[in-house]
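Open the model in your viewer and keep the selection tool at hand. The stops below are meant to be taken in order.

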Amino acid sequence: MDTNTLFRLDGRVALVTGGSRGIGRMIATGFVAQGAKVYVSSRKADACEETAAALGPNCIALPADVSTVAGCRALAEELAKREPALDILVNNAGAAWGEAFETFPEQGWDKVMDLNVKSPFFLTQALHELLKAGAAAGGPAKVINITSIDGQRVNPWETYSYQASKAALIHLTRRMAARLIADRIVVTSLAPGAFASNMNKVARDHADGVAKSIPAGRIGVDEDMAGAAIYLASRAGDYVVGETLTVDGGLVNASLAPA
């Protein structure tokens with residue numbers, strides 16, 4: 001048994017959507033440190049370029065808008081011009097919408113469900129051939145969907161479409177896994193809890209207060225998210241199929257109910 005390189009990603013090519021900031025950037029940073037060549041994508045080209053410059057020559061900016069099927073296909077086409085195969089896809093781009101039940105609009109459903117549920121499906125579909133090529137070159141290719149603990153339990157905020165979208169993506173992960181394992185493509189998901197980001201401004205701006213409700217006594221840090229993603233992306237996670245790995249300091253699974 002050789003465990004010395006179990007978590008290494010040398011020679012592997014990864015694409016991280018929403019990779020220019022927040023959880024996507026944490027994951028991209030971890031992948032680069034483990035030897036991967038990482039393409040970071042988001043709508044904002046300057047943010048992608050800044051992240052790529054910060055992470056070094058093994059990180060490449062590939063800006064795109066994956067909120068539509070056409071955008072997903074365009075990103076896949078651009079990547080195919082640069083790479084003959086893709087080893088790791090991280091579907092991290094996402095959106096949230098919070099509004100009172102009485103006024104919650106249709107746009108708040110369409111925007112969130114399109115980006116959080118449809119886009120991971122259609123981007124994976126568009127990259128299917130590249131992922132199959134990656135699997136043929138070595139171990140299985142990997143698709144990691146970034147879900148959320150908000151798809152596993154009800155939170156106090158009126159983010160109806162966001163919570164529904166993340167629950168849907170957790171189940172979609174299982175369904176995609178059942179199909180794609182036949183092509184040696186392993187599909188899993190990561191469900192983050194409280195990490196400081198523009199998406200989770202409460203954790204970013206009030207970390208000490210948020211930490212009081214977390215069994216581990218703190219919010220997540222970059223290494224927590226990077227480590228979990230590296231595990232699933234590397235040879236260490238090859239036999240983990242369709243699973244959602246919850247990374248939340250115990251909030252979902254280790255919180256005691258009030259007496």
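The tour of this predicted model goes from the sheet to the cores and then to single side chains.

**The sheet**

Start by showing strands. Seven of them form an open sheet, in the order S3-S2-S1-S4-S5-S6-S7, with parallel pairing. Look next at the two ends of that order: S3 and S7 (244–247) are the edge strands, each with a single partner strand, so one side of each has no neighbour in the sheet. On average, neighbouring strands are turned by 20 degrees against each other, direction ignored.

Now select S1 and S2. These two pair in the parallel sense over five bridges. Within the pair, Leu15 stands opposite Tyr39 in S2.

**The nonpolar cores**

Which residues have the most contacts inside the largest nonpolar core? Select Ile27, Phe31, Val38, Val90, Leu190 and Met225, which hold that place in a core of 31 residues. At least two residues of this core come from each of S1, H1, S2, H2, S3 (59–61), S4, S5 (141–146) and H9 (222–233).

Centre the view on Phe31. Beyond its neighbours within four places in sequence, Phe31 is in contact with Leu9, Ala14, Val16, Ala36, Val38, Ile88, Val90, Ala229, Ile230 and Ala233.

**A buried glutamine**

Move to Gln34, in the loop between H1 and S2 (37–41). Is Gln34 buried or exposed? Its relative accessible area is 18%, so Gln34 counts as buried, the limit being under 20%. The side chain of Gln34 reaches the backbone oxygen of Phe7 at 2.8 Å. Leaving aside neighbours within four places in sequence, the contacts of Gln34 are Phe7, Arg8, Leu9, Asp10 and Ile230.

**Salt bridges**

Take Asp87 and Arg12. They form a salt bridge whose closest N and O atoms are 3.9 Å apart. Asp87 is in the loop between H3 (69–82) and S4 (88–91), while Arg12 is in the segment before S1 (13–17), so the pair ties together parts 75 residues apart in sequence. Asp87 is buried, at 10% relative accessible area, and Arg12 is buried as well, at 13%.

Next, select Arg25 and Glu50. Their side chains meet in a salt bridge at 2.8 Å, N to O. This pair links distant parts of the chain, with Arg25 in H1 (residues 22–33) and Glu50 in H2 (residues 45–55), 25 residues apart. Arg25 is partly exposed, with a relative accessible area of 23%; Glu50 is partly exposed too, at 43%.

Then go to Asp183 and Arg179, whose side chains meet in a salt bridge at 2.9 Å, N to O. Here Asp183 is buried, at 19% relative accessible area, whereas Arg179 is partly exposed, at 42%.

For the last stop, select Glu78, Lys81 and Arg82. Salt bridges that share partners join these three into one network.

Technical notes:
Residues are numbered from 1 along each chain as its sequence is written. This is a predicted model: local features need pLDDT of at least 70, side-chain atom pairs count only at pLDDT 80 or more; totals for chains, interfaces and linings use all residues. Side-chain values use heavy atoms; hydrogens and water are left out. A salt bridge is a side-chain nitrogen of Lys or Arg within 4 Å of a carboxyl oxygen of Asp or Glu. Helices (H or I, at least four residues) and strands (E, at least two) are DSSP runs, numbered from the N terminus. Buried means under 20% relative accessible area, exposed over 50%, partly exposed in between (1.4 Å probe, protein chains only). A polar contact is a pair of N or O atoms within 3.5 Å; within protein, one must be able to donate a hydrogen and the other to accept it, and residues adjacent in sequence count only if both atoms are side-chain atoms. Contact means heavy atoms within 4.5 Å. A nonpolar core is a set of buried Ala, Val, Leu, Ile, Met, Phe, Trp, Tyr and Cys residues joined through side-chain atoms within 4.5 Å. Two strands pair if DSSP finds at least two bridges between them. Axes are lines fitted to C-alpha atoms, for helices over the stretch in contact, and angles run from 0 to 180 degrees between N-to-C directions.
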